[in-house]
Amino acid sequence: MPIVSVQDVKKTYASGFEALKGVSLDIEEGEILALLGPNGAGKTTLISSICGITRPSSGRILVGGHDVVSDYRNARRLIGLVPQELNLEPFAPVGPAVAFSRGLFGMRRDPDKVEQVLRQLSLWEKRKSRMRELSGGMKRRVLIAKALAHEPRVLFLDEPTAGVDVELRRDMWNVVAELKKQGVTIILTTHYIEEAEAIADRIGVINGGRILLVEDKASLMARMGRKNLSVHLREPVAAVPASLGDYGLELCNGGRTLIYSYDTKSDGTGITRLLSDLQEAGLSMRDLETRQSSLEDIFVDLVKEQA
Amino acid sequence: MSPTAIWTMYLFEMSRFFRSLVQSLISPVISTSLYFVVFGAAIGRNIDEMDGIPYGAFIVPGLVMLSVMTQSVSNGSFGIYFPKFMGTIYEQLSAPVSFLEIVIAYAGAAATKALLIGSIILLTSTFFVELDIRHPLMAAAFLLLTCISFSLLGFIIGIWAENFEQLQLVPLLVITPLVFLGGSFYSVSLLPGIWHTISLFNPVVYLVSGFRWAFFGTAEVPVGLSLLAIGAFTALCLLVIWRIFQTGWRIRQ
């Protein structure tokens, strides 16, 4: 049974804006799912609908088998939410704020557990600081600590590294990896493709209120990825020889490199033929190099296709 | 129903109050003392008695009510408006708690603060006048009910308000006039014909009258009617809040 099951969820706001146009999505226990999408794609609305902040107009959402509307208490107990905005009460101290989140979820006071969470997020030294004294990155950590204080089984991270510097982003990824080890299911939204590439098991692409695809990261990249073959020449050429006109080669590096782009999905990549044609044209090769196109390219292609 | 969650929210709200304890308490005490100096000592010296009660003592229940009502409304509205404004309300909305638990915690905390301030003002007044409360239990009941019902009203205002101006608007335009025209400083029976009749539509009149009765044993309206009025007002607030929760109005889109 999936830990989160979203079934044909639609959401139209009072303004008439249709944020979700029938989203279905199953999330397996223990996985890290990255939801990729441009701004306004419906990522936050989807998360808000699962967590109880917005009410879906239609459809059904189950968390741990509990309906998030009719059985919201049991459903929400399983969920931790880290919102996108740094929503914290400026005058509240860190420690009590984290303990508050635990109590809010109906759990017994447990200073040891709170300490453990604070230490895990390197916040223990800051436990007496007030929120307004913290940097943006620290505030983000506090939000995560608050979400973890009630020991959720599913953690939603809405744009966890938006506006966070590179070092802290790596830290955050480590925290996520650590949580995965503990068996926490993690759903994160992001528009940093490299983030999804770095930490997710599966990737969902959402745009215009629809899920365009959900797929295993590796297979997605293998299936949809384009590769570039760079041929480094011994002697520079002034132009691509006419006999190689069909390959759509790109000449760069002052005529020393030819770039051939091919689709790994197709039956014949054309590499063998290209190499022999290169030889026939009298070009001598110094080196060959291939590069897998990134998720970013895949993503841009997908979103473009849909538009 | 989660008692732990209610208690957690309640304590967190109260901790805000205790963080600024001095400000929270000193300003009502100073303003009440000023009322006593102006109305009691300066003007009151030229007023013999009101309804057979020395004027200085007569205004005590009204003053306490004035503070308790305004404090309840402002604490109640700010308490829930602030998380909305800061965006921290996402936590309550995504927690396994119902609206009922949120109301109990927030209105409860607002009522507690108002009750504390009301008690301190009552205590302060004993430095200025001699007080002998005839029906202490009834006085406590009136005070408590007023704190609770006006905190509920404040909660509604806090949910309704979309900016700080609106948050101030209702207390300024509605509560303050009602309280000042509600006989806090005078007996409404002194008002000429039509104004007296109009006053009887002011719910605050019944609260002040009932509270004053608990102090001195004399009332402008029957005490039963006072109890009925505050009961009806509390019920009305609860009804509105119940509707807000049903529809998620201004809270859950």
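The structure is a predicted model, in which local features need pLDDT of at least 70 and side-chain atom pairs count only at pLDDT 80 or more, while totals for chains, interfaces and linings use all residues. Residues are numbered from 1 along each chain as its sequence is written, and chains are lettered from A and ligands numbered from 1 in the order in which they are written. Helices (H or I, at least four residues) and strands (E, at least two) are DSSP runs, numbered from the N terminus.

- A residue is buried if 20 or more other C-beta atoms lie within 10 Å of its own, exposed if 12 or fewer, and partly exposed in between, with C-beta atoms placed from the backbone.
- In soluble globular proteins, nonpolar side chains tend to be buried together.
- Leaving aside residues up to four places away in sequence, Y106(B) touches M9(B), E13(B), G79(B), I80(B) and F155(B), where contact requires C-beta atoms, placed from the backbone, within 7 Å.

**The contact between chains A and B**

- The contact takes 26 residues from chain A and 21 residues from chain B.
- On the side of chain A that touches chain B, α2 (72-77), β6 and α3 of chain A each supply at least two residues.
- The residues on that side of chain A divide into 14 nonpolar, six polar and six charged, with Ala, Val, Leu, Ile, Met, Phe, Trp, Tyr, Cys and Pro counted as nonpolar, Asp, Glu, Lys and Arg as charged, and the others, Gly among them, as polar.

**A covered helix**

- Helix α3 (residues 94-104) of chain A is mostly covered, with nine of its eleven residues buried, among them F100(A) and R102(A).
- The cover over the buried residues of α3(A) includes α4 (111-120) and α5 (136-148) of chain A, together with α1 (3-19) and α4 (89-94) of chain B.

- Strand β7 (residues 154-158) of chain A is largely enclosed by the rest of the structure, because five of its five residues are buried.
- V154(A), F156(A) and D158(A) point one way from β7(A), whereas L155(A) and L157(A) point the other way.
- Four bridges join β7(A) in parallel to strand β6 (residues 79-82) of chain A, and strands count as paired if DSSP finds at least two bridges between them.
- β7(A) also pairs in the parallel sense with strand β8 (residues 185-190) of chain A, over five bridges, and L157(A) stands opposite L188(A) in β8(A).

**The open sheet of chain A**

- An open sheet of four strands has the order β2-β1-β4-β5 in chain A, with antiparallel pairing.
- Its edge strands, β2 (18-27) and β5 (66-67) of chain A, each pair on one side only.

**Two loop residues with positive phi**

- S122(A), although not a glycine, has a positive phi of about 55 degrees, and S122(A) counts as partly exposed because it has 13 C-beta neighbours inside 10 Å.
- E159(A), in the loop between β7 and α6 of chain A, has a positive phi near 50 degrees, and E159(A) counts as buried because it has 22 C-beta neighbours inside 10 Å.

Conventions
Contact = placed C-beta atoms within 7 Å.
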